[in-house]
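Subject: Structure and notes on its salt bridges

Hello,

Here is the structure for your files. My notes follow below it.

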Amino acid sequence: MNPGESYQIQTPEEVAMALAGRCRRLRLARKWKQATLAERAGVSLASLRRFEQTGRISLQSLLRLSFVLGRLGDFDALFPP
């Protein structure tokens with residue numbers, strides 16, 4: 001690491017909570033209730049609530065939420081070829 005570079009290690013739990021927070025902010029920016037997003041994404045309301053509170057969600061549900069929120073393409077940056 002070069003001098004002046006910031007180096008931060010986040011735990012998987014911290015990353016999950018950050019993702020949940022971003023998802024919640026995107027939902028609120030659209031003025032959607034949790035039930036609205038859950039229905040549009042085909043995800044149970046309980047799963048969405050759990051995700052926003054704890055960061056825990058299945059990959060399939062996360063992808064569905066991301067699709068509805070217009071952010072599915074963001075996953076392309078993961079594991080580049």
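How many salt bridges does the count come to? The count comes to 2 salt bridges. Please keep in mind that this is a predicted model.

R27 is buried, at a relative accessible area of 6%. E52 is also buried, with 12% relative accessibility; the cut-off for buried is under 20%.

R71 and D74 form a salt bridge too, and their closest N and O atoms are 2.8 Å apart. Here D74 is partly exposed, at 42% relative accessibility, and R71 is partly exposed as well, at 37%.

C23 sits in helix α1 and is buried, with a relative accessibility of 8%. Which residues does C23 contact, leaving aside its neighbours within four places in sequence? They are L37, F51, L65 and L69. As for D74, C23 is 51 residues from D74 in sequence, and their C-alpha atoms are 13 Å apart in space.

Regards

Key. Residues are numbered from 1 along each chain as its sequence is written. This is a predicted model: local features need pLDDT of at least 70, side-chain atom pairs count only at pLDDT 80 or more; totals for chains, interfaces and linings use all residues. Side-chain values use heavy atoms; hydrogens and water are left out. A salt bridge is a side-chain nitrogen of Lys or Arg within 4 Å of a carboxyl oxygen of Asp or Glu. Buried means under 20% relative accessible area, exposed over 50%, partly exposed in between (1.4 Å probe, protein chains only). Helices (H or I, at least four residues) and strands (E, at least two) are DSSP runs, numbered from the N terminus. Contact means heavy atoms within 4.5 Å.
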